[in-house]
Amino acid sequence: MTNFFLKLFWMGALAALCTPTLAAQPFRFKPDDQIGGMSLEENFALAKKFPKPSAWLQASTCAACHGTYGREFGDIIPPLAGMPRQKFIDKMHEYQKSDWHNFIVMGIVAEPFTEEEIRDMGAFFEKQPPEEWTPPDWNSDVVIPEWAREAMEHPHSDKPKERRHD
Amino acid sequence: MTNSRARPHDLSRRDVLKFLGAAALTTGLLTASKKAFAKDARHLVIVGGGIGGSAAAKYMRLLNPDVKITIIEPDDLYMFCPGSNEVIVGWAGIEEITVSYTTLKNRYAINFVKDRATAIDFDKKSVRLANGDPIRYDKLIVSPGPQFVYEAIEGYNKDLAYGEFPAAWHVSPQTITLRRQIHQLKPGGTVIISSPEYPYRCPPAPYERASFICGFLKERNPTAKVIILDSKDSFIFDNNYPFYWQKEFGFGTDKAMIEWIGRSDGGRVVKLDAENHAVITENGQVHHGDVINIVPPHKAHRFCFDNDLVENDWCPVEFKNFESKRHKDVHIIGDSVDGDPMPKTGYLASNQARITVQAINDEWHDRPIGTPFLINDCVAMAGKNWGMSLMETFRYAGEGKRLEERYIIPGPAKNPAKHLVLKNVAKNWQRTFHKDIFS
């Protein structure tokens with residue numbers, strides 16, 4: 001028993017000795033979530049103050065990731081075109097109500113949208129035909145200029161390799 | 001979110017034919033409209049065929065089949081800045097970030113004038129080309145990108161940037177030079193990256209670049225070192241990058257492959273000593289580098305200065321429709337805009353383009369101009385297998401007021417697999433983004 005308290009004493013002394021050393025080299029960066037700008041309440045108050053943005057505009061803010069009118073069938077990012085309205089609404093509610101750490105991207109995206117905005121987007125995407133917007137050969141005529149040729153296809157490239165036929 | 005509908009590679013031959021038929025119909029409609037432009041059709045003229053200008057052209061066509069649309073652009077191709085850091089370290093080929101204007105021309109009936117715009121005549125509503133020809137407009141959208149102020153660093157200039165000291169902040173021969181320098185760095189060499197004060201194009205990009213270069217060197221040249229000299233005391237994603245660097249490159253230890261010096265510790269570069277291959281910081285410290293990559297401060301494009309669109313280095317606009325506060329019927333989008341709190345990103349340029357064309361189209365149809373709403377969902381990377389994302393939304397706060405921002409920048413995830421997925425999201429986003437603007 002005495003031994004145990006002695007051990008505890010030495011451990012405490014060691015910790016006390018070490019603390020100033022640790023404090024002298026603080027790691028200035030914190031791995032915390034950073035949340036800022038206006039609060040969610042202010043965000044919703046502002047949304048209420050002005051006419052709602054058009055459904056076309058709201059839905060178009062999704063385009064950079066989900067494609068024009070939600071019509072890109074990406075390998076990771078799913079299309080939105082043709083998604084049943086209620087499924088879209090339910091998904092957005094799930095993102096808004098759950099802990100956003102549980103989702104890859106959409107948890108932090110869905111947060112500031114109002115009910116009306118979500119309904120408008122859901123109705124917009126439901127109407128879009130679920131067909132890929134981009135024709136497969138849309139960019140096949142690119143000729144890389146002479147000055148840039150040395151930066152073409154590289155063994156380290158992580159682009160999915162196309163199958164070649166001899 | 002998943003969608004159970006078939007993906008293209010699952011389609012049957014019949015489905016493919018059906019799909020091609022639909023595509024042909026869309027193309028046909030738009031081409032027909034090109035031939036049928038009325039003599040009194042309105043003319044939207046766009047200066048610059050980058051992300052902002054091209055998105056404006058495509059989305060105006062989606063809203064309005066009858067308007068004539070012209071882009072003034074001297075280049076035949078566009079090379080995306082997003083993805084160019086991958087090109088520098090050889091993780092992507094330059095063809096993966098290069099697009100042609102063919103689809104914009106053919107599918108959306110957009111007219112391209114291969115020249116440089118020089119002067120706006122606001123009374124006659126026309127814009128003059130370098131060859132002297134005027135082009136009349138009903139509405140003008142100016143989307144020229146930023147101007148790099150190389151001379152803000154004493155001893156630095158454009159010639160040196162195209163020579164031995166590439167900035168590579170826009171895809172150009174400078175990008176290729178930097179790529180070559182990194183690939184040929186001597187064993188144990190030092191790479192210096194100088195990051196500027198705000199505002200500049202793509203705030204996380206200097207740190208992504210440093211991180212990529214460090215990852216590349218760890219495999220090929222592990223005694224080499226990367227030093228970031230920063231004109232700021234904090235940076236975007238500073239809740240992520242330092243932790244990745246700690247994990248991968250011993251950041252914060254004696255054996256660190258990467259070092260970050262903030263402004264308070266003398267990180268702000270004020271001078272380039274080209275002869276001795278060194279930079280000098282605000283507090284007089286001299287840093288020698290085998291590769292010196294200075295990201296220069298920015299201001300609005302020269303075209304904006306030449307045409308009275310600038311106040312305090314940037315173009316003031318009304319955020320309802322991005323119309324210039326100085327001249328009517330001229331709208332400015334992208335990196336030349338005084339858009340604070342919006343950062344300067346391609347993502348935002350594309351959303352600004354959509355707001356602008358919707359507002360112009362509303363005005364032409366005597367409808368009230370819609371309320372703007374913008375998002376910037378940045379997906380950046382720290383390494384080949386490590387991605388991260390942030391979300392910013394911008395709401396309209398009234399006439400004459402700046403937009404109001406809300407943001408979330410998640411710190412590192414408990415489950416590292418999330419960052420691998422986010423890397424794949426980032427690459428997927430790049431490909432989709434190219435298509436959203438150019439296809």
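In what order do the elements of chain A run from the N terminus on? The order is α-β-α-α-α-α-α-α, which comes to seven helices and one strand. Here helices (H or I, at least four residues) and strands (E, at least two) are DSSP runs, numbered from the N terminus. The model is a predicted one, where local features need pLDDT of at least 70 and side-chain atom pairs count only at pLDDT 80 or more, while totals for chains, interfaces and linings use all residues. Residues are numbered from 1 along each chain as its sequence is written, chains are lettered from A and ligands numbered from 1 in the order in which they are written, and side-chain values use heavy atoms, with hydrogens and water left out.

Chain A has 166 residues, and 43% of them are buried. Buried stands for under 20% relative accessible area, exposed for over 50%, and partly exposed for anything in between (1.4 Å probe, protein chains only). Take the contacts in chain A between residues at least 6 apart in sequence: 63% of these join residues at least 24 apart, a contact being heavy atoms within 4.5 Å.

Now for the rings. A pair of aromatic rings is described by the distance of the centres and the angle of the planes. Rings of Phe, Tyr and Trp (its six-membered ring) pair if their centres lie within 6.5 Å; planes under 30 degrees apart are called stacked, over 60 edge-to-face, and the rest tilted. Over all chains, that rule gives 33 aromatic pairs. One of them is edge-to-face and joins Tyr95(A) to Phe103(A), at 4.8 Å centre to centre and 85° between the planes. Both Tyr95(A) and Phe103(A) are buried. In chain B, the ring centres of Tyr244(B) and Phe249(B) are 5.9 Å apart and their planes stand at 75°, so this pair is edge-to-face. Tyr244(B) is buried at a relative accessible area of 9%, and Phe249(B) is buried at 4%. One aromatic cluster takes in residues of both chains, among them Phe29(A), Tyr207(B) and Trp260(B).

Rings also turn up under charges. A charge sits over a ring if NZ of Lys or CZ of Arg is within 6 Å of the ring centre and within 35 degrees of the ring normal. Lys344(B) has its charged end over the ring of Trp314(B), 4.1 Å from the centre.

Tyr198(B) is joined to Pro199(B) by a cis peptide bond, with omega about -5°. Pro199(B) has its place in the loop between β11 (190-195) and α7 (205-220) of chain B. Another cis peptide bond links Asp340(B) and Pro341(B), with omega about 10°.

What about the backbone of Tyr69(A)? Its phi is near 55°, a positive value in a residue other than glycine. Tyr69(A) sits in the loop between α4 (63-66) and α5 (85-97) of chain A and, at 13% relative accessibility, counts as buried.
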